[in-house]
Amino acid sequence: MNNETKQYSKAIGILKAADHTGWILTLVEKAATGFRMGGYATVSDAAKLASEIEKLSGGKSNPDEDTTLVCVGADTTQTVFFAFKTPQVEGARLTAIIHAQAETLLPMPLSQAAFTWRMVRQDGATQDGCLAVVRKNYYQELCNVVPGRVGSILPDAAGLVKGWAGVFESTTEKCVLIQIRKHSCILAVSEGEKLVRAAAVDVEDLSLTMVVAHDLAAVLDTMELPKSTPVYITGEEDIAAALCRELAQGGRPVQRWRLSDNKISALGIRDKLTEIRNRPETIGLAIAALDEQGPTYDFIRLPKTEAMDDAVVDKKGLVRGLAAAAIFVILLLGGIYWTSARQLEAIEQALSSEYHGTTGHAILERQQMRDRISKARPDMLEMLSAIGSCMDRDMLLDSISFKKGQPVRIAAKARSFEQVNAFHKKLQEQACFKDVKLISPTLDERRSQVQFTITLAYRNFTRS
Amino acid sequence: MMKYLDKLNPRERKIAIFCAVTGGLMVVYFLIAEPILLKAGQIQSRLRQQRQNLSMLLAEEGSVEAMKLKSLTAAVPVLEMPVEPDKQVQLLRDQLTKQIQQAGIQVKNFQFQTGSATGPNASSVIMLQCRGRCQFPAMVKLLEELKKNPYYVGVEELTLRVDERNRQELDFTFTVSTFRGSAKVL
């Protein structure tokens, strides 16, 4: 089941023959003045359906470009209609409510059923609709009538209403159409020449017209239709006439279906008039499938307005949401950018304005220069004082050498190795020195002195 | 364009639309969005910097900024913004000579050097080297007085060598640096 949006100019209605021995195919094309029958065929073997469809639609073509819709009729005796009410909602919410209603109304799990629906009328805060349900395996069977080609499955009652409206004298008023078949009678409620709901009455013996009329009247009563609702009957002459009489006696306005010459001419069905008069739903199915307002009770193309609008609304909603979010983000970023630019301008203006003979920029410039100088200025007094504090009084300093980027070099003389080691240790303890290394302490025995050199790193002025 | 799209099958159409949309977005991003974002980033970083500057200027007593300023001022109590190199050298030399004389130090020679300093400011400094003889207290006095020289940046080199015959006397090599006037302030 999907929401088909493709526009078709031709449709082939496929219906099982009354005696269930074959299939009837009717091709209808859209014409300037309405619809026109483009072909009619009967096939005894289901295997030949595909080739017959190709023949009717004018040969094989690219499926993407094919504008012929294949519509299969679901037997109304296999279809059940359920009326339901929903609040005045649309789109996804309506679909959700309908699914919930279907779960409660259907006498089987949803997974075993295929259903479609139609919203019939709106009444204040509620709206009326009707579900059409078939068993899933029957639905699959119909899909496989012509594998891969079936684009629409409609109840044949929908075809019946369209066939009546297309070939016979019809009315847009609410009315009941009765079709007498071999072992059943089909009741289809029509309004605006569209199917509202339908029911099938099984008939064991059609000659017992009183019984049949009673059953039909009972079904009409369950449909809660007023007695004044017109009833139109078609089928075998004698039985139809007898049923007309019986139902009329029950107080219902009953008429027989009457062919419309104009409609017959417009449709171009004179040569197949008998066949179509007997099974108007064959042509009606194709007409119903091509309905510009969307198909009624299509099991494949779910209700166009609701489902499609839903999808479109959802997509539009998503696009609108994304667009709104994008606009919001752009505005937000724009706002931040604008505010930052204004603030920067204001600060720069404040820094440029003169106050007490100077400007903020000038003060900052001096401050930055101070910062730069302080980073480049080693404190020689700190260094010398740190070295001096580590020396014993009787140590003799020979030289101190400092050069930026290089280790500080101290050459000195001490009385003993212990004194040298103590000096080395004290230097290591100074926070401003790192990597203090004692190099080649040598004992001068003649003078009883230890000559030594120490290198060290002073703060960040020595490269490691 | 639409005619061309109509000729394609749905899969090809989707790919073509996807490619067109992606291409469009890329063009929009690289031609419009990226330059704007770059500019916005620059403005944000400049604003951050200027806010810091402003908070430094308006620092209240006891704040971190005020303490930082105080320590900076202590490290560099006097300062003259650098002028053009020739003039800057003269100014430094004159001031340094005065300070050396005040400290009672004998200078054997002055020598200007450029480009031999190390560190990030190396290319923007001029160095003045002097050699001479002095006593240690005089050198300490000079080092103390140096801070009052508004053109002095830092000591680049200091070598003190004790005279073995007269340990009160020192031979020294002393190099100080100053910024070139053309140097851009950070």
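## Basis

Helices (DSSP H or I, at least four residues) and strands (E, at least two) are DSSP runs, numbered from the N terminus. The model is predicted: local features need pLDDT of at least 70, side-chain atom pairs count only at pLDDT 80 or more, and totals for chains, interfaces and linings use all residues. Residues are numbered from 1 along each chain as its sequence is written, while chains are lettered from A and ligands numbered from 1 in the order in which they are written.

## Chain A

Chain A contains 13 helices and 19 strands. Of its 464 residues, 34% are buried (20 or more other C-beta atoms within 10 Å of the residue's own, with C-beta atoms placed from the backbone). Two residues are in contact if their C-beta atoms, placed from the backbone, lie within 7 Å. Among chain A contacts between residues at least 6 apart in sequence, 63% link residues at least 24 apart.

Strands count as paired if DSSP finds at least two bridges between them. E5(A) (residues 80-87) pairs with E7(A) (residues 126-135) in the antiparallel sense, over eight bridges. Within E7(A), Cys130(A) is the bridge partner of Ala83(A).

E6(A) (residues 113-123) is also antiparallel to E7(A), joined to it by 10 bridges. Here Gly129(A) in E7(A) stands opposite Met119(A). The hairpin of E6(A) and E7(A) has two residues between the strands, and Gly124(A) takes a positive phi near 60 degrees there.

## Chain B

Chain B has five helices and four strands, in the order α-α-α-α-β-β-α-β-β along the sequence. Buried residues are 19% of its 186 residues. Of the chain B contacts with a separation of 6 or more, 65% are between residues 24 or more positions apart.

Key:
A residue is buried if 20 or more other C-beta atoms lie within 10 Å of its own, exposed if 12 or fewer, and partly exposed in between; C-beta atoms are placed from the backbone.
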